[in-house]
Amino acid sequence: MSIISILNPKGGSGKTTLSTNLASFYHERGFKTLLVDTDPQGSASDWHAAREDNPLPFVAYGKAENLKALPDIAKPYDYVIIDGAAKLEGMIAAAIKITDVILIPVQPSPLDIWATSDLVELIRARQEVTEGKPKAAFVVSRAIKNTLLSQEIVGVLADFELPVFETFMTQRQAYPRTASLGASVHNGITTLKARQEVNSIIDELEQLIGGKGVRHVA
Ligand SMILES: Nc1ncnc2c1ncn2[C@@H]1O[C@H](COP(=O)(O)OP(=O)(O)OP(=O)(O)O)[C@@H](O)[C@H]1O
Ligand SMILES: [Mg+2]
């Protein structure tokens, strides 16, 4: 079982988009998967409710202290994906404590990169007392292909000394269009490129987890 948190206190960085696409992917591949909403805005809850009889197991937490119970609840699952809150230190700190792997979606803009520094410090402080757990990596999100900022971001993020996924989530209509139906790029109206992008992020995530990898069909 792996608990994967998608965290970034900066609003609109792509947390819910990444969480829902990862959870859908694993669920569709037959893994026991639980999607967890820790954001009071409830975007993941809205996404889940947008699909009638949504088969993906789902739970929402309103209070940080309640997250302590999640590792026990998570035991029967293969993957637990936590959609992180924006601007809520208590919830983010609680998620860091119970998580195996953190992905930090970050938009290719200096303001967004600077806004992650407190989160990176929190993660590092935790790693120091727990022999490196949770592992963490950046995923560049909402990148516009072939722009200078998108190319430069990897160098700028290197200062944080955390791995940066080679695969970017690029700006694509497929993400909001599928989200509006409670779907993902693997089960909604979509493009092959968006599916390949998520498949490739899954490959890098599996390497970070240290698992055997997951077979996917584009
Ligand atoms: N790769 C992408 N391509 C196109 N649109 C995107 C992409 N990623 C996110 N979006 C859109 O950008 C907006 C913000 O994304 P999302 O809700 O995933 O961010 P968030 O970090 O969860 O935000 P919040 O902090 O408010 O919870 C949404 O409207 C979403 O559909
Ligand atoms: Mg969100």
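# Pockets, ligand and backbone

Visitor: By class, how many nonpolar, polar and charged residues does the lining of the second largest pocket have?
Guide: Ala, Val, Leu, Ile, Met, Phe, Trp, Tyr, Cys and Pro count as nonpolar, Asp, Glu, Lys and Arg as charged, and the others, Gly among them, as polar. On that scheme the lining of the second largest pocket has 3 nonpolar, 6 polar and 5 charged residues.

Visitor: Which pLDDT limits apply to this model?
Guide: Residues are numbered from 1 along each chain as its sequence is written, chains are lettered from A and ligands numbered from 1 in the order in which they are written, and side-chain values use heavy atoms, leaving out hydrogens and water. The model is predicted, and totals for chains, interfaces and linings use all residues, whereas side-chain atom pairs count only at pLDDT 80 or more and local features need pLDDT of at least 70.

Visitor: What volume does the second largest pocket have?
Guide: On a 1 Å grid over the protein atoms alone, a pocket is an open set of points with protein on both sides within 12 Å along at least five of seven lines, a cavity is a set where a 1.4 Å probe fits but cannot get out, and lining residues have an atom within 4 Å of a point. Points are joined across faces, edges and corners, and a volume is the space filled by probe spheres set on them. For the second largest pocket this gives about 220 Å³.

Visitor: Which helix gives the most to the lining of the second largest pocket?
Guide: Of the 14 lining residues, Lys-145, Phe-168, Thr-170, Arg-172 and Glu-197 lie nearest the centre. Helices (H or I, at least four residues) and strands (E, at least two) are DSSP runs, numbered from the N terminus. With 3 residues, the main contributor is helix α9 (residues 192–209).

Visitor: Where does ligand 1 sit?
Guide: A molecule sits in a pocket or cavity if more than half of its atoms lie within 2 Å of the grid points. Of the pocket concerned, which holds about 380 Å³ of space, the lining has 23 residues, with Gly-12, Gly-14, Lys-15, Thr-17 and Arg-142 nearest the centre. Ligand 1 sits in the largest pocket.

Visitor: Which element supplies the largest share of the shell around ligand 1?
Guide: The shell holds 17 residues (a heavy atom within 4 Å), divided into 3 nonpolar, 9 polar and 5 charged. At least two residues each come from α1 (15–28) and α8 (174–179). The largest share, 3 residues, comes from α1.

Visitor: What percentage of the accessible area of ligand 1 does the protein cover?
Guide: Among the polar contacts (N or O pairs within 3.5 Å), oxygen atoms of ligand 1 lie 3.0 Å from a polar backbone atom of Gly-14, 2.8 Å from a side-chain N or O atom of Lys-15 and 3.1 Å from a polar side-chain atom of Arg-142. Of the 620 Å² that ligand 1 has on its own (Shrake-Rupley method, 1.4 Å probe), the protein covers 81%.

Visitor: How much space lies in the largest cavity?
Guide: The structure holds 1 cavity of 30 Å³ or more. Ser-24, His-27, Trp-47 and Arg-51 are among the lining residues. The space amounts to about 50 Å³.

Visitor: Which residues does a cis peptide bond join?
Guide: The loop between α6 (117–129) and β6 (135–140) contains Pro-134. Glu-131 lies in the loop between α6 and β6, with a positive phi near 50 degrees. The cis bond, with omega about 0 degrees, joins Lys-133 and Pro-134.

Note on methods:
Polar contact = N/O pair within 3.5 Å; in protein donor to acceptor, adjacent residues only side chain to side chain.
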